[in-house]
Amino acid sequence: MLLDAFNALMDIWVLVAAIVGIVTGIIIGAIPGLGPTMAIALLIPVTFTMPPIPAITLLLGVYQGAIFGGSISAILLNVPGTPSSAATAIDGHAMAKRGEGGRALRIALYASVAGNIFSCFVLIVLAEPLASMALNFGPAEMAALMFFALLVIVLFGGGVRLDAALMVLLGVFAGIVGLDPIEGTPRFTFDSFAMENGLQLIPVLVGLFAMSEVFLKLFERRSANQGDMDIPEILPSKVRFIDMWRMRATLLWSSLIGTFVGILPGIGSTVPAFMSYSLARARSKQPNKFGEGADEGVAAPEAANNAVTGGALIPTLALGIPGDAVTAVILGAFMLQGLAPGPFLFRDYGIEVYAIFEALILSSIPTIIFGLLLFKIAVHVIRIQPRHLFPTITILALLGAFSVNNSLVDVWVMLGAGFVGFLLRRSGFPLPPLLIGLILGTPLEQSVRQALLTSNGNLDIFWNSHIALSIIALTAICIVISVAISVFKNKRHQGSSDV
Amino acid sequence: MNLSISKLLAKSGLQSLIFLILAVFAGLGLCLLDTQVQVFSFGDSLFDARFFPRIVLVLIIVIALLCCIARTRKMDEPIGSLAGWARVFLVVGMISIALWFMPSVGFLLSSFVVASVTAFILGERDIKLYVGLPLLIAALVTFGAQYGLTIPLP
């Protein structure tokens, strides 16, 4: 299978797609406010006419490139291009201020690649066995699993849990609009034939992540030019193999944290980046150097936030449960290419999926080459003014929404989702739970109803299955852990306020 | 009593408004459930097409109210400047008009107008950059989509 997949990669268009994706990702990721989620959502229409392997390689290249691109503005300007680069900014910017911006960026690049390669190997090892196991899942098991995924997002996704729960429910309700998955009757379509297809994923994604950013920028319009930002001088520097080898334990621990936290739905890459940073500081012989420009302070969060890529793809591809907002967008791209993520993906499209995994590993080579070539150019990209950039994003958002079904209804949906996204982001509500609720809502309803219909409404169907029972037990454990963490935090907070 | 209500109103802002809107819409959804979701009863089933929406809508109401109660201890996000809201509504209105006329005037002209207005509202005052640049990008995107990606744009 791996060899067949490698043969499928021997196509010049796969290489072109990887390079275009990485370069686009680095440039977009470097611009503060434009994350990988928006970049991938806007580029999906470009992949419509492409075969699946180059199409997904391009989008994953954007993801890889954007995560590194995010560290460019974090290191040079102390303005993280992506939220996950915030940890990188702590030591990276301290290095940049003393002229070592080039060294910090090289360390970030090599650590990113190390994290990515590690997580891809874990992805290759774990995804198929997980998918094979899921082939034995019936409706009760799937319902328990999806409920678990949604609950984990609420409990551990960060932020206020009630807000996250409300967003999940809003997403689930948005998924209800359209035809009922079992009886086929229209629901909340208000007699509109066009709405019977429901709210399509891509227009909603483009609205939530691209259009809402335009509205936010309009709302917060500032007169100051981004070009006025002071970029520290980049002195010539080198990072040798031995420098990275000295950090091997940090890179390994950070990659492990990134990969395994990435597997959990809804947590994203910011939490593992800070976890790895804290662990690297705790393990360091010179912890006082952290915060003042330590090499490991840059390497640890970068390895972790890139390792999340492979980790988050494991439940996305094997079970159809996205790990975060970016993998939710990638899941949408897989579906548009006819590769429906879930237990049957590896059975029906094994060669394509393994080719994509291998492309993800091999694209580390162009990532290093173009990362080194582009970081000096990306410095100028940071200076692009929002008033020049956001009109372009608006045009691309209109095109992206229209191109899914060649329908203006989808553009209206995108506009509505954009305004709702703006309102929610302006109020501080998290959007990833809404998106994952939208994706998992319909399969959750289908599984719950199928399970209850086959058992004539008897809840024993959940208790009689060992798998479902294990997942329910795991859900209960997560609730207990979450409550314990809250109690511990409250006690610590009270303790510190007493002092 | 009056004092506590006025304190609550003083703390209220955008989040409280959103909780309220969600609760009201979920309530409306529950009222409209019977008319908006048809059920053909071939043998009475509790788990029909209304089963899941009903649970979700009730949960939205309950959690929105819980959020409202939890927020009373904290200060809300302020609604923000009127000028900011006016800029957003202006662009939303402009996009709506452009979408309305898109089938007759085409994607190129509609997207150019939207982008140009967005650039102007974002503070661009150089005519080359708020007319020329959006026109160039709209043309590139339109022709690229039509001839490169074979998307049949209006």
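Reply: Gladly! Let's start with rings: those of Phe, Tyr and Trp (its six-membered ring) pair if their centres lie within 6.5 Å. Ring pairs of this kind link A:F215, A:F219, A:F419, A:F422, B:W85 and B:F89 into a cluster. Please keep in mind that this is a predicted model.

Me: How many aromatic pairs does a search of the whole structure find?

Reply: The search finds 17 aromatic pairs over all chains. In one of them, the ring centres of A:F173 and A:F188 are 5.2 Å apart and the planes meet at 65 degrees.

Me: What makes A:F173 and A:F188 count as buried or exposed?

Reply: Buried means under 20% relative accessible area. A:F173 has 17% relative accessibility, so it counts as buried. A:F188 has 7%, so it counts as buried too.

Me: And which kind of aromatic pair do A:Y277 and A:F290 form?

Reply: A:Y277 and A:F290 form an edge-to-face pair, with 5.6 Å centre to centre and 75 degrees between the planes. A:Y277 lies in helix 12 of chain A and A:F290 in the loop between helix 12 and helix 13, so the pair ties together parts that are 13 residues apart in sequence. Both A:Y277 and A:F290 are buried.

Me: How do you know that A:E445 forms a salt bridge with A:R187?

Reply: The test asks for a side-chain nitrogen of Lys or Arg within 4 Å of a carboxyl oxygen of Asp or Glu. The closest N and O atoms of A:E445 and A:R187 are 2.7 Å apart, and the pair passes. A:E445 lies in helix 20 of chain A and A:R187 in strand 2 of chain A, so the bridge ties together parts that are 258 residues apart in sequence. A:E445 is buried, and so is A:R187.

Me: Why is B:K128 called exposed?

Reply: Exposed means over 50%. B:K128 has 60% relative accessibility, so it is exposed. Its salt-bridge partner is B:D126, with the closest N and O atoms 3.9 Å apart. B:D126 has 31% relative accessibility, so it counts as partly exposed.

Me: How many salt bridges does the rule find across the interface of chain A and chain B?

Reply: The rule finds 1 salt bridge there. In it, the side chains of A:R387 and B:E124 meet at 2.8 Å, N to O. The contact takes 61 residues from chain A and 73 residues from chain B. The area buried between the two chains is about 5,800 Å², and carbon and sulfur atoms give 79% of it.

Definitions and conventions: Residues numbered from 1 in each chain as written. Chains lettered and ligands numbered in written order. Predicted model: local features only at pLDDT ≥ 70, side-chain atom pairs only at ≥ 80, totals over all residues. Heavy atoms only, no water. Phe/Tyr/Trp six-rings, centres within 6.5 Å; stacked < 30°, edge-to-face > 60°. Buried < 20%, exposed > 50% of the residue type's maximum accessible area, 1.4 Å probe, protein only. Helix = DSSP H or I, 4+ residues; strand = E, 2+ residues; numbered from the N terminus. Contact = heavy atoms within 4.5 Å. Buried area = accessible area lost by both parts, 1.4 Å probe.
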